Amino acid sequence: MRAMIVKEFRELTRDRRTLAMTIVLPILLLVVFGYAANFNVEHVSTALVGSNTTAAADRLPDLFAVTDDVDGSDPEELLRSDQVDVVIDTSAMPMTAYIDGSALFAAQSVQIAVGRSGGLLQSEVLFNPDLTTSWVLVPAIAGLIMALIGTIITSIGLVREKETGTIEQLAVLPIRPSAVIIGKIAPYFVLATADITVVTLLGLWLFDVPFNGPVWVYALGAAFFLLVVLGFGVLASTLSTTTGQSIQTALFFMFPQILLSGMVFPLEAMPWGVRWIGYGLPLTYFIKIAHGVLLRGAGISDLWPSLLILAGMALVILTTAILRFGRSLAPHQAGRAHRAPAEHEHPRRAA
């Protein structure tokens, strides 16, 4: 028994991924939950319009972080373009706070502040008048499903090539690594596209989620996001030699997506250090696109920054994955090249 215990400890110390899952991950989750698990938004980006903006700025509660970096004066257009979360019309008393209902947690905090303003403010919620939680969660869940399929299933599919030995057959094919990658991820891309279509349609039907914007912008954002997560799946497979390792690597990628993308906890409520991690995650930008198209009716002119960021992420991740996959094929190609002369010389020796 003692020998078995010692053996297991030795194997455990050699398996760095398992050690990371058992030691680093709990610490990471504790820190992230400790700082990110906050539903109370303390500052909401606010634009002032109307004739009394200067006087109004001094009278507003601290919750309203007034910004001058806005383009336009129409409250609905300012909210649709996601420049701010609240637009306050100062032309009359009480002032009217127009609230972006797609920013659920910020909207709830603003409504509380309006109720405590002593008649200084009245509110009107746009795009999600009843602050229905499902309207905000369903688009985010659609992105999460795509991330799960794209990352975990893709990484498992490619690692199986190593486990079954068929990667050696790929190595000797007269095609580039990029062609291999495209051939491997194409079925998963089609599968995830079907899933996102079904989930979106079910959300519209079961939860009455609106679809106010152009379908093609939503589809373009979903395509870019899928390319990013599929690239992460390929990258995870190049870092793994077994199915278990690929799942562990994919989970390291998935946990931050769930916790720090704004899906569960509002980004506005996180400390700036944790918030910037969220701004580096692809699911954050898909959620922005989904909320913009479905709830606010936003178009390409409003959502191009998020689309451009996702496109850049897809380019970087896929390029890195292809380069690493090419390196993983190199040893097999070299081994094949060394064996080839021996195979040609064998008949001559026999003769």
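Reader: Which residue forms a salt bridge with aspartate 100?

Author: A salt bridge here is a side-chain nitrogen of Lys or Arg within 4 Å of a carboxyl oxygen of Asp or Glu. The closest N and O atoms of the pair are 3.9 Å apart. The partner of aspartate 100 is arginine 296.

Reader: How many residues apart in sequence are the parts that this pair ties together?

Author: Helices (H or I, at least four residues) and strands (E, at least two) are DSSP runs, numbered from the N terminus. Aspartate 100 lies in strand E4, and arginine 296 lies in helix H12 (residues 282-296). The pair therefore ties together parts whose separation in sequence is 196 residues.

Reader: On what kind of model do these values rest, and how are residues numbered?

Author: This is a predicted model, in which local features need pLDDT of at least 70 and side-chain atom pairs count only at pLDDT 80 or more, while totals for chains, interfaces and linings use all residues. Side-chain values use heavy atoms, with hydrogens and water left out, and residues are numbered along each chain as its sequence is written, from 1.

Reader: Is aspartate 100 buried or exposed?

Author: Buried means under 20% relative accessible area, exposed over 50%, and partly exposed in between (1.4 Å probe, protein chains only). Arginine 296 has 4% relative accessibility and counts as buried. Aspartate 100 has a relative accessible area of 1%, so aspartate 100 is buried.

Reader: Which residues do salt bridges that share partners join into one network?

Author: Arginine 80 meets glutamate 76 in a salt bridge (2.7 Å, N to O), and arginine 80 also meets glutamate 77 (2.8 Å, N to O). Glutamate 76 and arginine 80 are four residues apart in helix H4 (residues 75-80), which means a separation of about one helical turn. Arginine 80 is buried at 14%, whereas glutamate 76 is partly exposed at 35% and glutamate 77 partly exposed at 41%. The network consists of Glu76, Glu77 and Arg80.

Reader: Which residue in E5 stands opposite tyrosine 98?

Author: Strand E4 (residues 95-100) pairs with E5 in the parallel sense over six bridges. The residue opposite tyrosine 98 is glutamate 124.

Reader: What is the bridge partner of threonine 46 in E2?

Author: Strand E1 (residues 44-49) has five of its six residues buried. E1 and E2 run parallel and are joined by three bridges. In E2, threonine 46 has as its bridge partner valine 66.

Reader: At what angle do helix H9 and H12 pack?

Author: Axes are lines fitted to C-alpha atoms, for helices over the stretch in contact, and angles run from 0 to 180 degrees between N-to-C directions. Helix H9 (residues 215-238) has its axis 10 Å from that of H12. The angle between H9 and H12 is about 170°.

Reader: How many residues of the contact of H9 with H12 are nonpolar?

Author: Contact means heavy atoms within 4.5 Å; Ala, Val, Leu, Ile, Met, Phe, Trp, Tyr, Cys and Pro count as nonpolar, Asp, Glu, Lys and Arg as charged, and the others, Gly among them, as polar. The contact includes Phe225 of H9 and Phe286 of H12. One residue is polar and no residue is charged, and the number of nonpolar residues is 12.

Definitions and conventions
Pairing = 2+ DSSP bridges.
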